Amino acid sequence: MHAAHILNIDINPALRDSFSVEEISGQLFEDDTLRRISFNELILVKEGYGIISIDGASYHITPHSLFIISKGQIYALEGNNHLEGYVLQFGDCFWEKAPASASNCKAVLFNDPSGHQQMQLHQQDEETIVSLLKTMLTEFNTPDYINKADALAAYLKILMIKVANINSLLHTGHSSNENKLYREYLELVSREYRNTHEVNDYAEKLGISYRQLADLCKRCGGRRAKDIINGQLVAEAKRMLQFSSKPVKEISYLLNFATPYQFSNFFKKETQLSPNEYRSQFVKIGI
């Protein structure tokens, strides 16, 4: 058994200037090292094959697809892979340069990535995204000038709006205030899910009722408010079980469950496996 394999995670270093865009032709990585990224990443696949694992779930790399990977997620390429396309990376501090009017797009895409980790693109949508990425790459490679970061942030804003609309993540008919509240809820959950699991607590922080928040999530995201909290908890629990040696008892307290029993019941209800059953799948890797 190679338990060390499970714990060998490369924490990606900070990006220079918190932004990068490059064209890829070949292998994305030459090994299957697990990487926990400290920035947000978008991978456009024009042509390609292979398998990418993100937070323990495997996805086939297929032509005309888009992967959205959020900071903190762990991913790796499994075996032989080839990719023709683009990789865009940006930190939250770079995103702050983008106009606030696009924040709801970024929040929906990257604060809640599990529902749209991989998107299959129609030809016209792919052409639109490729055109934007080419423009960004040209700008990125130009000699530095005083407002270069602002120009790149403006292009990034456009790209996020296009990607969010392609996946129908921002539905028409919502007021700007609804979109703003929904974005604030996603941001709150991404920051506070370890501290509180109750929808009521988030509603109180937002200054609205439980029912208003529940209806808001249904209209803007097509999901229950509770499902968004649970999704964050399950994703982090899976990372800890798969990529750390922490006992289940410690994980349960880190995620703010009252008892390990409560955590185990929650995890089994969400995944159909107990925490130890889930972990045992990965402990056997490499035997």
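The chain of the predicted model contains 12 helices and 8 strands, and 49% of its 287 residues count as buried. Its accessible surface comes to about 14,000 Å², and carbon and sulfur atoms account for 49% of that area. Among the contacts between residues at least 6 apart in sequence, 73% join residues at least 24 apart.

The largest nonpolar core has 33 residues, of which Tyr 182, Tyr 185, Tyr 202, Leu 213, Leu 255 and Phe 263 touch the most other members. Helices H6 (176–192), H7 (199–206), H8 (210–221), H9, H10 and H11 each supply at least two residues of this core, and the greatest contribution, 8 residues, is made by H9. When residues up to four places away in sequence are set aside, Tyr 182 touches Val 108, Leu 216, Cys 217, Cys 220, Gly 221 and Ile 228. Apart from this core lies another, of 30 residues, which includes Leu 44, Cys 105, Ile 129 and Ala 153.

Ile 129 is also one of the buried residues of helix H4, a group that comprises Glu 126, Ile 129, Val 130, Leu 132, Leu 133, Met 136, Leu 137 and Glu 139. These buried residues pack against strands E2 (19–26), E4 (40–54), E6 (65–69) and E7 (74–90), as well as against helix H5 (148–166). Helix H4 itself spans residues 123–141, and the 27 Å from the first C-alpha to the last of its 19 residues is close to the 27 Å expected at 1.5 Å a residue.

Aromatic pairs number 9 in the model. In one of them, Phe 19 and Phe 94 are tilted, with 4.6 Å from centre to centre and 35 degrees between the planes. Because Phe 19 lies in strand E2 and Phe 94 in helix H2 (residues 92–95), this pair ties together parts that are 75 residues apart in sequence. Phe 19 is buried, with a relative accessible area of 3%, and for Phe 94, likewise buried, the value is 3%. A further pair, formed by Phe 267 and Tyr 278, is edge-to-face, with 5.6 Å from centre to centre and 75 degrees between the planes. Here Phe 267 belongs to helix H11 and Tyr 278 to helix H12, so the pair ties together parts that are 11 residues apart in sequence. Phe 267 is buried at a relative accessible area of 0%, and Tyr 278 is buried at 5%. Both residues belong to one aromatic cluster, together with Phe 257, Phe 263 and Phe 266.

Within helix H9 (residues 225–243) is found Glu 236, which counts as buried because its relative accessibility is 3%, below the 20% cut-off. The side chain of Glu 236 makes a polar contact of 3.0 Å with that of Arg 194. Beyond its neighbours within four places in sequence, Glu 236 is in contact with Arg 36, Tyr 193, Arg 194 and Leu 255.

Two loop residues other than glycine have positive phi values. Asn 256, in the loop between helix H10 (248–254) and helix H11 (260–271), has a phi near 70 degrees and is partly exposed, with a relative accessible area of 41%. Gln 272, in the loop between H11 and helix H12 (275–283), has a phi near 65 degrees and is exposed, with a relative accessible area of 57%.

How values were computed
Residues are numbered from 1 along each chain as its sequence is written. This is a predicted model: local features need pLDDT of at least 70, side-chain atom pairs count only at pLDDT 80 or more; totals for chains, interfaces and linings use all residues. Side-chain values use heavy atoms; hydrogens and water are left out. Helices (H or I, at least four residues) and strands (E, at least two) are DSSP runs, numbered from the N terminus. Buried means under 20% relative accessible area, exposed over 50%, partly exposed in between (1.4 Å probe, protein chains only). A polar contact is a pair of N or O atoms within 3.5 Å; within protein, one must be able to donate a hydrogen and the other to accept it, and residues adjacent in sequence count only if both atoms are side-chain atoms. Contact means heavy atoms within 4.5 Å. The expected span of a helix is 1.5 Å times one less than its number of residues. Accessible areas come from the Shrake-Rupley method with a 1.4 Å probe; for residues, only the protein chains shown count as cover. A nonpolar core is a set of buried Ala, Val, Leu, Ile, Met, Phe, Trp, Tyr and Cys residues joined through side-chain atoms within 4.5 Å. Rings of Phe, Tyr and Trp (its six-membered ring) pair if their centres lie within 6.5 Å; planes under 30 degrees apart count as stacked, over 60 as edge-to-face and the rest as tilted.
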